[in-house]
Amino acid sequence: MTLASSMLAMEISVPGGPDVLLPASLPVPVPGHGQIIIHLAYTGVNRPDALQRAGSYAPPASASPLPGLEGAGTVVAMGPGVTRWQIGDKVCALLPGGGYAEYAACHESHALPIPEGLSLREAACLPETCFTVWSNIVMRGRLKAGERFLVHGGSSGIGTTAVQIAAALGARVFATAGSDEKCRAVEALGAETCFNYKTADFSEEAKKLGGFDLILDMVGGPYLPRNIRALADDGRLVQIAFLQGAKVELNFAEIMMRRLTLTGSTLRPQSDQAKAAIAQAVESHIWPMIAAGSFRVVIDSEYALTEAPAAHWRMESSSHIGKIVMKVPD
């Protein structure tokens, strides 16, 4: 297959707000060893894209400078050493960057088959959130059936994914969200209770439940000491972002006395091998949940790739429920 030499992309012209995302004509990426090139049909929009756009989340040195960490489409080129895929295969993939474009490169082990019954549009919303949620609540957080699990931002892409996966694993699921409407939507996905953080204190509610065994947090800042109070003895806190700041004063005596575990991770800087292991776990455990109907993709809205600024405004308004996706030109 002969590829075009150039492609449409949305690049970050300068660090700043959503309007700094501008269309550009860029060279189509060339696959390296073990890499595939995907002609994207859809690409997901995620918080790290906005952080990169603002200049506060630099991509790895080996990654594309374009934002975009997930997408779905057709394999159109392969580098040396690729064994799983063939030209024409439909895949969704975790990308190191570069998703805001017609073509993107990724390691072959970070691509997965489209789950049966899902469209490319739905599949494009899976990799970043599924890899993040599974690696943090199961591989790192060791969530077990019957445990009490709390996820903050329950109506976000991460939140709607975590609620459904934890419920499918048999956990008692709780969440926080910023409106009664969002809370009802989260409860419809499997949360036992979703707390409106504007009218309820989750750390006080935790006392009535005996504390949470596992908390997944992306807020940070003032939530950190409240998370500590909300944990049950021997509980675990997994941190995946700091939307309200990474520095706070904590009483570590309480952590010691109650045998609490504080951990966290970021997905993008991890090695190809680590991401490949997560990909295998996602395919082995979450793809069957999709087939069984216990997990579904929640899509808030769709934009054209050239409407990337509007997609970012939507995400940063925090009014969305579920994923935001962009359609790439044919």
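First, a term I need: a residue is buried when its relative accessible area is under 20%, exposed when it is over 50%, and partly exposed in between, using a 1.4 Å probe and protein chains only. I also need helices (H or I, at least four residues) and strands (E, at least two), which are DSSP runs numbered from the N terminus.

**Ground rules.** This is a predicted model, where local features need pLDDT of at least 70 and side-chain atom pairs count only at pLDDT 80 or more, while totals for chains, interfaces and linings use all residues. Residues are numbered from 1 along each chain as its sequence is written, and side-chain values use heavy atoms, with hydrogens and water left out.

**Helix α3.** I looked at α3 (residues 127-140) and found eleven of its 14 residues buried, so the rest of the structure largely encloses this helix. The buried ones include Phe131, Val133, Trp134 and Ile137, but also Glu128, Thr132 and Asn136. After α3 comes Arg142, with a positive phi near 55°.

**Glu70.** Is Glu70 buried or exposed? Glu70 is buried, at a relative accessible area of 0%. I found Glu70 in strand β4 (residues 70-78). Its side chain reaches the backbone nitrogen of Glu128 at 2.8 Å, and Glu128 is one of the buried residues of α3. I count a polar contact as a pair of N or O atoms within 3.5 Å; within protein, one must be able to donate a hydrogen and the other to accept it, and residues adjacent in sequence count only if both atoms are side-chain atoms.

**Gln239.** Next I checked Gln239, which sits in strand β12 (residues 231-239). Gln239 is buried too, with a relative accessible area of 8%. Its side chain reaches the backbone oxygen of Ala241 at 3.0 Å.

**Empty space.** Rolling a probe the size of a water molecule over the atoms shows where empty space is left. On a 1 Å grid over the protein atoms alone, a cavity is a set of points where a 1.4 Å probe fits but cannot get out; a pocket is an open set with protein on both sides within 12 Å along at least five of seven lines; lining residues have an atom within 4 Å of a point. Points are joined across faces, edges and corners, and a volume is the space filled by probe spheres set on them.

How many cavities of 30 Å³ or more are there? I get one, and the largest cavity has a volume of about 60 Å³. Helix α4 (residues 157-168) gives the most to its lining, four residues. Thr129 and Arg296 are among the lining residues.

The second largest pocket has a volume of about 480 Å³. It is lined by 27 residues, with Gln35, Ser62, Ala63, Ser64 and Pro96 nearest its centre. Strand β6 supplies the largest share, five residues.

**Whole protein.** I noted ten helices and 15 strands. The radius of gyration (over C-alpha atoms) is 20 Å, close to the 20 Å from the globule rule (2.2 Å times the number of residues to the power 0.38) for 330 residues, so the protein is as compact as a globular protein of that length. Of those 330 residues, 53% count as buried.
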